[in-house]
Structures are given as structure tokens and as C-alpha cells.
Amino acid sequence: MADEDRIDEAIDRLQRVIRLLGERQEFLDRRISVLSRLALFDLFAVVLTISLLVIILSVQAPELRNAVANMNIHFGVMSDDMYSIRRSMARMTEDVAGLSGIIAQVDNIHGSVGQMSGNIGTMTGRVATMNTNLGQMTLQVNDMSLSFAVMDDSLMRMMQDVNHMSKPMRFFNQMNPFR
């Protein structure tokens with residue numbers, strides 16, 4: 001009977017192990033079920049998000065297409081501007097090549113200006129002398145004006161005196177029968 005007890009004990013253990021395995025299986029089944037639901041929910045959320053992004057992209061696509069078209073136009077304008085800038089740079093390079101001749105001419109002009117400056121200094125001295133002479137002449141003319149004013153007064157007095165002295169003669173002239 002010891003074998004039967006052992007068999008019974010082994011069967012009891014086997015039943016407990018099977019029961020524990022069953023419980024563990026039920027726990028795993030519940031967990032797998034929950035995980036499956038979560039995975040399904042996550043999949044739904046991903047599909048919903050992608051759908052929403054596709055809808056947003058389809059709504060934004062015309063604006064994006066217009067923006068790309070405008071950008072292409074702007075790039076064309078920029079390309080034309082760059083071409084104009086390159087042409088201007090080439091002309092400037094040609095113009096700068098002649099700059100050394102211009103600098104030599106400016107140096108010659110600078111020398112001529114130095115000579116002109118000396119001549120202008122001489123002219124300034126002569127003009128100052130002329131101004132001094134004109135000042136003296138102005139004083140002399142003022143003196144002459146005063147002299148003429150005095151002479152005018154004297155002549156006026158003489159004229160009045162002559163008129164005064166000639167009054168008696170005019171009286172005799174009126175009596176003249178030969179007139």
C-alpha cells in the first residue's frame with residue numbers, strides 16, 4: 001500500500017500541478033486577452049492617427065503645391081537676378097581695369113590743382129591790393145563829393161546873389177523903350 005499511497009500522493013501532486021497549470025493558463029489567457037485588446041486599441045489609434053494625417057495632408061496639399069509653385073517662380077526670378085548681377089560684376093571688372101588710367105589722370109589733375117592753388121594765392125594778394133586801392137579811391141571820392149556839395153552850396157548862394165544884384169537892372173530893362 002505504500003505504493004498506492006505514493007501513487008495517490010503522486011496523483012494529488014499531479015492534480016495540484018495541473019490545477020496550478022490551469023490557473024496559470026487562465027491568468028496567461030486573461031493577460032493575453034488584455035494585451036490583445038491593448039494591441040488592438042493601439043492599432044486602432046495608429047490607424048486613426050495615420051488617417052487624420054492623411055486627411056490633413058490632403059487638405060494642405062493644394063496650399064503646398066501653390067507654395068512650391070511660388071517658390072519655383074521666386075527661384076526663377078532669383079536666377080534672373082543672379083544673371084544680372086554676374087553681368088554687372090563683369091562690367092564692373094572691366095571698369096575697374098581702366099581705373100589705373102583714371103588714377104594717373106587724377107594725379108595729374110592734383111598737380112595742376114596745386115599750380116592753380118599757387119596762382120589763386122597770387123590772385124588773392126593782387127585782389128587784396130586792389131581792395132586797398134579801391135578803399136583809398138572811395139575815401140577820395142567821398143572827399144570829392146563833399147567838395148562838390150560845398151561848391152553846390154556856394155554856387156547856389158552866388159546865383160542868389162547874382163539874381164539879387166540883377167534886380168535893379170531888370171527894372172531898368174523894363175523901362176527901356178527899344179525893346
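**Questions on a helical chain**

Student: What does Val-141 count as at 44% relative accessibility?

Tutor: Val-141 counts as partly exposed at that value of 44%, since buried means under 20% and exposed means over 50%. Please keep in mind that this is a predicted model.

Student: Which helix is Val-141 in?

Tutor: Val-141 belongs to helix α2, which covers residues 99–165.

Student: And how far is Val-141 from Ala-39?

Tutor: Their C-alpha atoms are separated by 123 Å, and the two residues are 102 residues apart along the chain.

Student: Zooming out, how many helices and strands does the protein chain have?

Tutor: The protein chain has three helices and zero strands. Read from the N terminus, the order of its elements is α-α-α. The radius of gyration is 65 Å, whereas the globule rule gives 16 Å for 179 residues, so the protein chain is more spread out than a compact globule.

Student: What are the spans along the principal axes, then?

Tutor: The C-alpha trace of the protein chain spans about 210 × 55 × 40 Å along those axes.

Student: What percentage of the residues count as buried?

Tutor: The value is 0% of the 179 residues of the protein chain.

Student: Which residues make the nonpolar surface patch?

Tutor: The patch consists of Leu-64, Val-68, Met-71, Phe-75 and Met-78, and its area is about 480 Å². Take Phe-75 as an example: it lies in helix α1, residues 2–97. Phe-75 has a relative accessible area of 47%, so it is partly exposed.

Student: Changing topic to charge: how many positive and negative side chains are there?

Tutor: The protein chain carries 17 positive and 20 negative side chains. The centres of these two sets lie 14 Å apart.

Student: Which residues form the negative surface patch?

Tutor: That patch is formed by Asp-3, Glu-4, Asp-5, Asp-8 and Asp-12. Of these, Asp-12 is a residue of helix α1. Asp-12 is partly exposed, its relative accessible area being 41%.

Student: Why can charged side chains pair at all?

Tutor: Pairing can occur because the side chains have opposite charge and their charged atoms come close.

Student: How many salt bridges does the structure hold?

Tutor: The structure holds one salt bridge. In it, the side chains of Glu-9 and Arg-13 meet at 2.7 Å, N to O. That distance qualifies because a salt bridge requires the nitrogen to be within 4 Å of the carboxyl oxygen.

Student: Where do Glu-9 and Arg-13 lie in the chain?

Tutor: Both Glu-9 and Arg-13 are in helix α1, and they are four residues apart, which is about one turn of the helix.

Student: And are those two buried or exposed, or in between?

Tutor: Glu-9 is partly exposed, with a relative accessible area of 39%. Arg-13 is also partly exposed, at 49%.

Notes: Residues are numbered from 1 along each chain as its sequence is written. This is a predicted model: local features need pLDDT of at least 70, side-chain atom pairs count only at pLDDT 80 or more; totals for chains, interfaces and linings use all residues. Side-chain values use heavy atoms; hydrogens and water are left out. Helices (H or I, at least four residues) and strands (E, at least two) are DSSP runs, numbered from the N terminus. The radius of gyration is taken over C-alpha atoms; the globule rule is 2.2 Å times the number of residues to the power 0.38. Buried means under 20% relative accessible area, exposed over 50%, partly exposed in between (1.4 Å probe, protein chains only). Lys and Arg count as positive and Asp and Glu as negative; His and the chain ends are not counted. The place of a charge is taken as NZ of Lys, CZ of Arg, CG of Asp or CD of Glu. Patches are made of residues with over 30% relative accessible area and no salt bridge: like charges are joined within 9 Å, nonpolar side chains (Val, Leu, Ile, Met, Phe, Trp, Tyr) within 5 Å. Accessible areas come from the Shrake-Rupley method with a 1.4 Å probe; for residues, only the protein chains shown count as cover.
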